[in-house]
Amino acid sequence: MKPADRRKSKYEILVFFITTVLSTWIIWFPALLIQNFDASLALPCNFFITIGTFVPSVAGFIFSYIFGGKEEVYSLFVSLLNVHIRVKWLLFVFLVLPGVSALSCLIFSLSGGTLPQMQFAPWFIPIAFAYIFIFMGPLGEEAGWRGFALKKMLQNLAPLKAAVLLGIVWSIWHLPLFFIKGTAQNALTAFGIVPAISGYFLYTTMISVLITLLYIMSNGSVLGSMLLHTAGNLSLGVVPLIFSKSGAVIVLLTLCIAVTAIIYKYRKIMLHKA
């Protein structure tokens, strides 16, 4: 890529990041007023939280059009419908993060901990998966984070570096949720605000690495990114081990070991620019 094109790409990514983060924070602000200061508004807290989660994908489409025209919008739309994912990587989508959660539960149990109660019956898992996919992040975020930002970042950066940088921005985007009562992120602050945010940043960055690898190996399938994002959220929710301090540590350590092993296995892909 020519230096001028590289500068243009960096500018587009930066504009996307700043706009997405600030726009979401503004939308989430009424939720903070409702939950923390008992503000009486016409709409409930969950409305603002949910609408905010759709900002990244909306911004992804808007900036695709601004910076690339109809052709880029079409390309992004096609990536959302890209079902050409090999069986190996479909197994990766549906097994790697549930596997990390299951192993973490086993370690926690063997270490003497009492596992939290399952949040819903096994038969309800497909329904929960669909709900999470649509309303709790994946559909509202991935067209922006992966379909727009990661696609451009991979033009200039090695996949691992792009994944880590994007993971940090993705984590920053979530920050207001730690201060809004009733959110899962706020519940984590029972461990202390610094450990909660630090652990969340580490978790989100590790997930970003996994999604980046999948994105590359599925030929830019944003649908695949959405499915892996959903599987991750669901696997944490079935048995909510992360709300136990020792359980959260085990989950993070297990995830870090798994991601490190995966990076090593695919180091030729993750450590070198295309």
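**Ground rules.** I worked from a predicted model in which local features need pLDDT of at least 70 and side-chain atom pairs count only at pLDDT 80 or more, while totals for chains, interfaces and linings use all residues. Residues are numbered from 1 along each chain as its sequence is written, and side-chain values use heavy atoms, with hydrogens and water left out.

**Entry 1: open spaces.** I looked up pockets on a 1 Å grid over the protein atoms alone, where a pocket is an open set of points with protein on both sides within 12 Å along at least five of seven lines, and lining residues have an atom within 4 Å of a point. A volume here is the space filled by probe spheres set on the points, which are joined across faces, edges and corners. The largest pocket holds about 1,400 Å³ of space. I noted that 49 residues line the largest pocket, and that the closest to its centre are Met 136, Ala 184, Gln 185, Tyr 200 and Asn 233. For the helices I used DSSP runs (H or I, at least four residues), numbered from the N terminus. Helices that each supply at least two residues of this lining include H1 (3–37), H7 (159–174) and H9 (193–217), and H9 gives the largest share, seven residues. I sorted the lining by class, with Ala, Val, Leu, Ile, Met, Phe, Trp, Tyr, Cys and Pro as nonpolar, Asp, Glu, Lys and Arg as charged, and the others, Gly among them, as polar; the lining of the largest pocket then has 30 nonpolar, 16 polar and three charged residues.

The second largest pocket has a volume of about 340 Å³. I found 19 residues lining the second largest pocket, and the closest to its centre are Leu 154, Tyr 215, Ile 216, Asn 219 and Gly 220. Helix H3 (55–80) gives the most to this lining, with four residues.

Entry 2: I then turned to cavities, sets of points where a 1.4 Å probe fits but cannot get out, and the count comes to two cavities of 30 Å³ or more. The largest cavity has a volume of about 40 Å³, and its lining is made of Ser 101, Cys 105, Ser 235, Leu 236, Val 239, Leu 241, Ile 242 and Val 251. By class, this lining divides into six nonpolar, two polar and no charged residues. The second largest cavity holds about 30 Å³ of space, and H4 gives the most to its lining, with three residues.

**Entry 3: helix H7.** The 16 residues of H7 should span 22 Å, and because the end C-alpha atoms are 22 Å apart, the two values agree. I also looked for buried residues (under 20% relative accessible area, with a 1.4 Å probe and protein chains only), and in H7 they include Pro 159, Leu 166, Trp 170 and His 174.

**Entry 4: the nonpolar core.** I took a core to be a set of buried Ala, Val, Leu, Ile, Met, Phe, Trp, Tyr and Cys residues joined through side-chain atoms within 4.5 Å. The largest nonpolar core has 78 residues, and those with the most contacts inside it include Phe 92, Leu 210 and Leu 228. H9 gives the most to this core, with 12 residues. Leaving aside its neighbours within four places in sequence, Phe 92 is in contact (heavy atoms within 4.5 Å) with Leu 210, Leu 213, Leu 214, Leu 228 and Ile 262.

How values were computed:
The expected span of a helix is 1.5 Å times one less than its number of residues. Buried means under 20% relative accessible area, exposed over 50%, partly exposed in between (1.4 Å probe, protein chains only).
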